[in-house]
Amino acid sequence: MGKHLWVETIKDYSKAIILFQSSAEWGCAEAQYSLAVMYGEGLGTPKDLLRAWYWLEKSLNKGCNDARRYFAHLIMTNQLQDILPDKVMRGPSYLELSGSPE
């Protein structure tokens, strides 16, 4: 349901984040990834890279490819350098692991 509210034609981020939060707390990797994006991009909530990393790490640990691509994006655009300075140079390897060409 959260994904339905997130689509470009609806963009009801405030409702979507509530639904993703509940699913993420139950351990759904896709919901954890979605929350990471919402916090990382400031969709329906103020941008908060620490919270984004919190949920992204959970999703990454479950092997979510979308999370790997988003993590690579955050690393390669230096958005996590203050939070994870040891991983800044590893962005391309996470992108490769996700199977994404870009």
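**Exercise 1. Decide whether Tyr54 is buried, partly exposed or exposed, and describe the aromatic pair of Tyr54 and Trp55.**

Solution. Start with the relative accessible area of Tyr54, which is 43%. Buried means under 20% relative accessible area, exposed over 50%, and partly exposed in between, with a 1.4 Å probe and protein chains only. Tyr54 is therefore partly exposed, whereas Trp55, with a relative accessible area of 6%, is buried. These values belong to a predicted model, in which local features need pLDDT of at least 70 and side-chain atom pairs count only at pLDDT 80 or more, while totals for chains, interfaces and linings use all residues. Residues are numbered from 1 along each chain as its sequence is written, and side-chain values use heavy atoms, with hydrogens and water left out.

Next, turn to the rings. Rings of Phe, Tyr and Trp (its six-membered ring) pair if their centres lie within 6.5 Å, and planes under 30 degrees apart count as stacked, over 60 as edge-to-face and the rest as tilted. The structure holds three aromatic pairs; in the one formed by Tyr54 and Trp55, the distance is 4.9 Å centre to centre and the angle between the planes is 85°, an edge-to-face arrangement.

**Exercise 2. State how many helices and strands the protein chain has, and work out how α3 lies relative to α5.**

Solution. Helices (H or I, at least four residues) and strands (E, at least two) are DSSP runs, numbered from the N terminus. On this basis the protein chain has six helices and zero strands. The axes of α3 and α5 come within 10 Å and cross at roughly 20°, where axes are lines fitted to C-alpha atoms, for helices over the stretch in contact, and angles run from 0 to 180 degrees between N-to-C directions. α3 is therefore roughly parallel to α5, since angles under 35 degrees count as roughly parallel, over 145 as roughly antiparallel, 65 to 115 as roughly perpendicular and the rest as oblique. Finally, list the residues that meet: Tyr33, Ala36, Val37, Gly40 and Glu41 in α3, and Asp66, Ala67, Tyr70 and His73 in α5.

**Exercise 3. Identify which residues of the largest nonpolar core touch the most other members, and which helix supplies its largest share.**

Solution. A nonpolar core is a set of buried Ala, Val, Leu, Ile, Met, Phe, Trp, Tyr and Cys residues joined through side-chain atoms within 4.5 Å. The largest such core has 27 residues, of which Leu35, Met38, Trp53, Leu56, Phe71 and Leu80 touch the most other members. At least two residues of this core come from each of α2, α3 (29–41), α4 (49–61) and α5 (65–76), and the largest share, eight residues, comes from α3.

**Exercise 4. Find where Thr45 is placed and which residues it contacts beyond its neighbours within four places in sequence.**

Solution. Thr45 has its place in the loop between α3 and α4, and its relative accessible area of 17% makes Thr45 buried. With its neighbours within four places in sequence left aside, Thr45 is in contact (heavy atoms within 4.5 Å) with Ile17, Met38 and Tyr39.
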